Amino acid sequence: MAEATRANFTAADEFLGSTLVGEDPVLDRALAAQRRAGLPDIEVTPLAGKFLNLLVRMSGARRVLEIGTLGGYSTIWLARAVPADGQVVTIEAEQMNADIARKNIDDAGVGEKVDIRVGRAADVLLTLDSLAPFDFVFIDADKESNTLYLDWAARLGRAGTVVVVDNIGRDGEIVNSSSGSSKVQGTRDSMEMLGRDPRFDATALQTVGAKGWDGVAIALLK
Ligand code: DHB
Ligand code: MG
């Protein structure tokens with residue numbers, strides 16, 4: 001048995017990625033562009049991007065809300081999954097990131113499906129009523145605000161909306177109730193909310209891979 005090391009998680013991700021996702025020059029270009037611009041390498045992996053893409057297609061979602069665009073890598077996966085008349089609204093706090101994402105998304109040929117809203121998500125979410133209900137919500141932004149974003153997902157969704165929360169494992173720190181990390185505390189709070197709030201029915205899966213030990217939660221709005 002291989003040892004449970006970061007290098008081996010990455011090797012397994014590379015095998016599975018090349019086997020199940022394959023070559024994708026468009027996404028490679030998008031990643032290269034955001035690396036050149038100095039964005040952090042915290043976007044979803046190819047396998048996780050395709051996981052989101054499949055979830056959108058499996059749920060038949062046409063209107064997707066993403067909180068946390070970064071350079072648009074996950075946005076491209078989401079936009080590819082909605083039908084030609086579908087839409088992805090994605091919220092990004094940093095204008096520079098949004099500019100890179102706009103170019104990446106347009107270069108990927110899905111620009112017409114993607115509406116990037118620049119601003120603090122807490123402010124932008126107040127403006128999206130006319131676009132609701134969203135069928136699918138992907139929460140992948142500042143972890144401190146996860147509970148706020150879950151509340152918005154419930155308000156802007158409908159019964160049957162699928163909600164996905166990224167980064168719920170945090171190298172196992174999720175169990176640490178006295179963690180000094182606000183990201184860990186925000187993530188813990190959001191998992192407790194998913195467990196307690198009657199609007200959601202949720203589960204979570206831990207993952208290992210090229211991004212280390214982490215995980216995703218998925219929830220169905222009741
Ligand atoms: C962080 C955020 C992410 O969305 C991610 O996928 C990994 C790490 C972070 O802020 O630490
Ligand atoms: Mg993330």
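Residues are numbered from 1 along each chain as its sequence is written, while chains are lettered from A and ligands numbered from 1 in the order in which they are written. In this predicted model, local features need pLDDT of at least 70 and side-chain atom pairs count only at pLDDT 80 or more, whereas totals for chains, interfaces and linings use all residues; side-chain values use heavy atoms, with hydrogens and water left out.

**Stop 1: the metal site**

Select ligand 2, the magnesium ion, together with Asp-140, Asp-166 and Asn-167. Donors are N, O and S atoms within 2.8 Å of the metal (3.2 Å for Na, K and Ca); water is not among the atoms, so sites may look incomplete. Along the sequence, the donor residues follow the spacing D-x25-D-N. Asp-166 is buried at a relative accessible area of 10%, and Asn-167 is buried at 13%. Here, buried means under 20% relative accessible area, exposed over 50%, and partly exposed in between (1.4 Å probe, protein chains only).

**Stop 2: ligand 1**

Select ligand 1 next and display its surroundings: Ile-42, Asp-140, Lys-143, Asp-166, Asn-167, Arg-170 and Lys-183. A residue is near a molecule or strand if one of its heavy atoms lies within 4 Å of it.

- Lys-183 places a polar side-chain atom 2.7 Å from an oxygen atom of ligand 1.
- Arg-170 has a side-chain N or O atom 2.9 Å from an oxygen atom of the ligand.
- Ile-42 has a polar backbone atom 3.0 Å from an oxygen atom of ligand 1.

Ligand 1 taken alone exposes 290 Å², and the protein buries 75% of that. The areas come from the Shrake-Rupley method with a 1.4 Å probe; for residues, only the protein chains shown count as cover.

Keep Arg-170 selected and inspect its backbone. Arg-170 is found in the loop between β5 and α8 and has a positive phi of about 50°, although it is not a glycine. Arg-170 is partly exposed, with a relative accessible area of 22%. Helices (H or I, at least four residues) and strands (E, at least two) are DSSP runs, numbered from the N terminus.

**Stop 3: the largest nonpolar core**

Select Val-56, Val-64, Leu-78, Phe-136 and Val-164, which touch the most other members of the largest nonpolar core, a set of 30 residues. A nonpolar core is a set of buried Ala, Val, Leu, Ile, Met, Phe, Trp, Tyr and Cys residues joined through side-chain atoms within 4.5 Å. The elements that each supply at least two residues of this core include α2 (25–36), α3 (46–59), α5 (95–107) and β5 (162–166). The largest share, six residues, comes from α4.

Which residues of α4 are buried? They are Tyr-73, Ser-74, Thr-75, Ile-76, Trp-77, Leu-78, Ala-79 and Ala-81. Because eight of its nine residues are buried, α4 is largely enclosed by the rest of the structure.

Now centre on Val-64. Beyond its neighbours within four places in sequence, Val-64 is in contact (heavy atoms within 4.5 Å) with residues including Val-56, Leu-78, Phe-134 and Phe-136.

**Stop 4: loops and backbone geometry**

Select Leu-70, in the loop between β1 (63–67) and α4. Leu-70 is not a glycine, yet its phi is positive, at about 55°; it is buried, with a relative accessible area of 16%. Then move to Pro-133, in the loop between α6 and β4. The peptide bond from Ala-132 to Pro-133 is cis, with omega near 5°. Most residues other than glycine have a negative phi, and most peptide bonds are trans.

Asp-129 is also in the loop between α6 (121–124) and β4. Asp-129 is exposed, with a relative accessible area of 55%. Its C-alpha atom is 8.9 Å from that of Arg-155, 26 residues apart in sequence.

**Stop 5**

Select Ser-190 in helix α8 (residues 182–196). Ser-190 counts as buried, at 0% relative accessibility. Leaving out residues up to four places away in sequence, Ser-190 touches Asn-146, Thr-147 and Leu-150.

Finish at Gly-86, in the loop between α4 and β2 (87–92). Gly-86 is buried, with a relative accessible area of 7%, and touches Arg-62 and Lys-113, not counting residues up to four places away in sequence. The C-alpha atoms of Gly-86 and Ser-178 are separated by 43 Å.

Key
A polar contact is a pair of N or O atoms within 3.5 Å; within protein, one must be able to donate a hydrogen and the other to accept it, and residues adjacent in sequence count only if both atoms are side-chain atoms.
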